[in-house]
Every structure is written in C-alpha cells, then in structure tokens.
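Here is a short briefing to read alongside the model. Keep the viewer open and follow the topics one by one.

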Amino acid sequence: MKEFALIFRLNKESDAKPSPEQIQERMNWLGSIAAQNKLVDKGNTLSQVSAKTVRADKVITDGPYTEIKEFISGYLIVKTETIEEAVELAKANPIFKIGGNIEVRELVKLYDSK
Amino acid sequence: MSGNQALENELLPNLFRLEYSKMTAVLCRHFGLKHIEIAEDIASETFLKASEEWAINGIPENPIAWLYTVAKNKTKDYFKHLTIFEDQIKSEITTHAIQPELDWDFPQQTIADSQLAMIFAVCNPANSAEAQICLALQILCGFSIEEIANAFLTKTETIKKRLLRARTNLRNDKFQIRALSKTEIKSRLDTVLKTLYLLFNEGYFSKNNNQLIRKGLCFQAARLALTLTENPLTNTSQINALIALMCYQSSRLDARIDDKGETILFEEQDRQLWDKELIDKGNYYLVNACNEYESSKYHLEAGIAYWHTTSTDENKWQHILRLYNQLILIEYSPITALNRTFAFAKVYGYENAIPEAEKLNLTKNNFYHELLGYLYTDTNIGKAIDHYEKAIQLTKSKTEKQTLTKKIEKLNEKKISNT
C-alpha cells in the first residue's frame, strides 16, 4: 500500500460556507473511504480567514499563499495500491460541484521498510 | 430425560458462566495473581463436583451458596495440605506469598469488589489491548478459546498463543486484588470499557442459540458496567454512554429471536416486545453521558441505538448515517462499514447503495454477501441468490444458515412466478 495526500483547493470566489446538504455529501464521501479502510488520516480543514503567509526577510502578509486565485482548503491522507486508485477516490468528492479541485500526491517515505 | 435432568443441564452451564469468574476473583484475593491457576483449579473442581453430585442427589435449594461452600472447603483443604507439605517436606525451600485467611466469607460486596479489581488486574498495560481482552474474556467471563476466536474472527491457535503470553505477564504483575487507586484506574479504564463492550456483544450477537445464556452474558456486562458507575473515579461520560448502548440493545433481546431460536431482522421485529423500561433507562444514561464535551465510539453507538428505538422520525436514517460516518472515522471495522452502507441504502435507495457496498470488497465476510443479497433482492434475483449462497458457505451459525436458506427459497418462488 502507498499513501497519498489529497489536497483540496478552492477558488476564491467559491462560497466558503457550506450548506447542510454539502456537509452531508462530504461526510458521506469521507465515510465511504473510511468504510473501505483506505483512510490513513482524516486531515483537517484549513481556515481561510485566520491565515498569514511568512516570506523571506520576515515579510508577513495576511491570508493564505495564493499566487493564483486558489487557496488550499484542506487535506487528508489515503492509502491505496496505486495512484490511479487514489485518483478514483478523489473523483467522487463533491468539491468539483463548487469549482474546486484536488491534487493527489504520493507521500515520500525516506526510510521505507519493505 | 426427566424434568429435573433438563433443568440441571440448563442450570449448570449458566451458573458456570455467571459464577466461575466471580469465584476465581474472590479466591484470588487469597492466592494472589501469581497463583491464579490454583484459584481457577479450585473453581473448576467445585463445578465438577456440582455436576457429579447434582446428577445423583438433585439440585440443592441454593445452588450458589452450595458452590461457595464447596469452594471454601476446597481452599481450606488446599492450605492444610500446603502447610503439611511446607512443614514436613519443603521447609528448606522459600515459602511463597500465599496468605491464608481462613476466617473468610463471601458477602455480595466482597464478590463485587473482587471482580471489579480483577477486571482492572486483567487489563494489564503490559499486554497488548487484544491480549488483555482475550484474557479478560477467559478469566472474567469463562469463555472458551474457541468462543474468543469467534468473537475476534481469529484462528484458535492465534488465541491460544496470545493467552499463553498474556498469562505470563499477568502472573508477573504486582497488581493486587484490592481497592483500586486513581492511577490504576486511569491507565486501565479504556481497556476495561472495551472489554465490557465486547463481552456484551458476545452475548448480543452470540452464535449460541440459548437465549438464557445470551441474556446472562449481556446481563453480566451490564452489571459490571453498572458497578463502575458506583465508583466516582470510574463513573465517566464514556461508561454512561456504554450503559445507554447496552440498555437500548437489551431492550430488543426478546424481539430479535423467535421461539425456535432464529434471528428476526430488525425490520420484522414485533415492536410490542421491545422493553420500554430499558429504553427509558437508555435515555437516562445517554443524557448522563452527554454532560461533558466528550464524544467516543460509545456515544456514537448509543446514538445509533437510540435512533433505532424511534419509529416515527422521518429523518431517522439520515441521523443514523451521519453517526455511522463519524463512527467509521474513529475506528474501522468490517461490521461498521457494512452497517454504514445499510444506512446509506435506507437514505439513498438500494440501487445507489450497491456500488457503495461492492467497494467494501469484503468477499470473505458472510455479512457482506448478506447485505448484497438484500440490496439486490428487488432488482436482480439471480445475483441476490448468488450472494445469499455465498453467505451460507461462509457463516458458521446454523440459525443463520436456516434464515438464509428461507430467503433463497422465497426468492426462487418469486423467480418462478415472474417467468
């Protein structure tokens, strides 16, 4: 099994406050992954408001790091045999309905024991 | 078989279940954990004597008192022999730490205290959580190795090895069967809760058809759990949630088994048979459990069981699904995954739930095939039958095989009338 981080990105314009139905959809998606025993870490949702970015020379700006019009809204970690399987899990997430996207990245393990 | 014999055949195994572990715990007050085998031997011999004598002379008026009197005499004999052995033969070898207190009795309080202390002793952090639970089931509940293996869906060999190692750790522990300290309670309470939870489940979901034994086990677990509420140190939010769960589940004990010992599915149960008093008690303990900002798997499971007791709320299954979504995040188990999918089917329809169920891919689990058989019933009779047949192959329970065979028969009738 390999581990993959799913990194959720939302557009700045997308509505930050989800409806009860949207929450239920997300919980169902998460529950479904956990029910397949493929969830390693349910991760966290990241605040859009309480956020600062620290740059070189100790320059600190308010808000998350957003070079493009997207910000990371959360992450979690799944375990699957292949990256394709992790992508399949991501595909079912309701984030795409509100213009978001998901980055799938394998976790690099330095001391991988076989 | 005479009526008396029938009664005796029923009574002795039940008494064994209920009293063997208690007797061992009380005897351990005198022998210490180091010599737990002696305590167990005396308890076993006591029950052996009961089975022999009761077959000839009939059951005594007060069987429990009879058992404890025999145990007491056997212990006295043991110490007498030991003294002779130590004095005359083994005097040069260091005596071990057994403290005989010949002026002892078995008041209810001593029995309860001993057993509570014994639970905490058995849940020794030196052992893995799994080993602790196995040990608890064997020593506190009189479970056979096979029954433990069933409860964990593990091979008997694995359990045997686990118990052997765990017993060594238990013997070497300095834990004493006496009033418990704060630190002892803190470090061991989680495992104790889990053990009681599993003990209850072993009764509730037992493959044993004997309703009396099942009830006995559930009662044992609930009684032990209630003992914990009597001590302020162990009366936590979690234990209250666990008791609430036990009450809700117990309220359906009569409704879920028919007079032939077959399991009746939740939806087909006669709700008149649900014990209202136990449901009220469940509500009482659930309210107690929600006094703090604390959640646990026991809270979630009690919540799910609560919603099952309501039949009117139209959003019932949505609430249940939401709780299962949280429960599966706390702890994965195949059964939780399957139950979650069942709730999903209730909210989003059977057809939508089929891909959800198939994703679980628990092809060696009989309940997985039962669920798929159920979900396919209306849309694909052939597949439904296939899954039920696989479930029959996989289950060890006779009653389950019967229930499933009936379902297949019904489906076959439907198939014929459709063509």
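For the charge counts below, Lys and Arg count as positive and Asp and Glu as negative, while His and the chain ends are not counted. The place of a charge is taken as NZ of Lys, CZ of Arg, CG of Asp or CD of Glu. With that in hand, chain A carries 17 positive and 17 negative side chains, and the centres of the two sets lie 3 Å apart.

This is a predicted model, in which local features need pLDDT of at least 70 and side-chain atom pairs count only at pLDDT 80 or more, whereas totals for chains, interfaces and linings use all residues. Residues are numbered from 1 along each chain as its sequence is written, chains are lettered from A and ligands numbered from 1 in the order in which they are written, and side-chain values use heavy atoms, with hydrogens and water left out.

**Chain A as a whole**

- Chain A has two helices and six strands; here helices (H or I, at least four residues) and strands (E, at least two) are DSSP runs, numbered from the N terminus.
- Along the principal axes, the C-alpha atoms of chain A fill a box of roughly 45 × 40 × 20 Å.
- Chain A has 114 residues, and 36% of them count as buried; buried means under 20% relative accessible area, exposed over 50%, and partly exposed in between (1.4 Å probe, protein chains only).
- Taking contacts in chain A between residues at least 6 apart in sequence, 76% join residues at least 24 apart, where contact means heavy atoms within 4.5 Å.

- The size of an interface is often given as the accessible area lost when the parts come together.
- Between them, chain A and chain B bury about 1,200 Å², 58% of it on carbon and sulfur atoms; this buried area is the accessible area (1.4 Å probe) that two parts lose on being put together, summed over both.
- A:Q24, A:N28 and A:A35 supply 40% of the area that chain A buries against chain B, more than any other three residues.
- On the chain A side 12 residues take part in the contact, and on the chain B side 14 residues do.
- There are zero salt bridges between chain A and chain B; a salt bridge is a side-chain nitrogen of Lys or Arg within 4 Å of a carboxyl oxygen of Asp or Glu.

**Salt bridges**

- Over all chains, the structure holds 17 salt bridges.
- One of them joins the side chains of A:D62 and A:K52 (2.5 Å, N to O).
- That pair links distant parts of the chain, with A:D62 in strand β4 (residues 59-62) and A:K52 in strand β3 (residues 52-55) of chain A, 10 residues apart; both A:D62 and A:K52 are exposed.
- A:K91 and A:E88 also meet in a salt bridge (2.9 Å, N to O), and because they are three residues apart in helix α2 (residues 83-91) of chain A, about one helical turn separates them.
- A:K91 counts as exposed because its relative accessibility is 53%, whereas A:E88, at 46%, counts as partly exposed.
- In chain B, the side chains of B:E356 and B:R340 form a salt bridge (3.3 Å, N to O).
- This pair too links distant parts of the chain: B:E356 is in helix α15 (residues 350-360) and B:R340 in helix α14 (residues 334-348) of chain B, 16 residues apart.
- B:E356 is buried at 12% relative accessibility, and B:R340 is buried with a relative accessible area of 0%.
- B:E37, B:E40, B:R167 and B:R171 are joined into one network by salt bridges that share partners.

- Most residues other than glycine have a negative phi.
- A:D57, which is not a glycine, has a positive phi of about 60 degrees, and A:K58 has a positive phi near 55 degrees.
- A:D57 sits in the loop between β3 and β4 of chain A, and A:K58 is in the loop between β3 and β4 too.
- A:D57 counts as exposed at 74% relative accessibility, and A:K58 counts as exposed at 75%.
- In chain B, B:F266 lies in the loop between α10 (237-250) and α11 (276-289), and B:F266 counts as buried because its relative accessibility is 19%.
- Leaving aside neighbours within four places in sequence, B:F266 is in contact with B:R252, B:R271, B:W274, B:H308 and B:K316.
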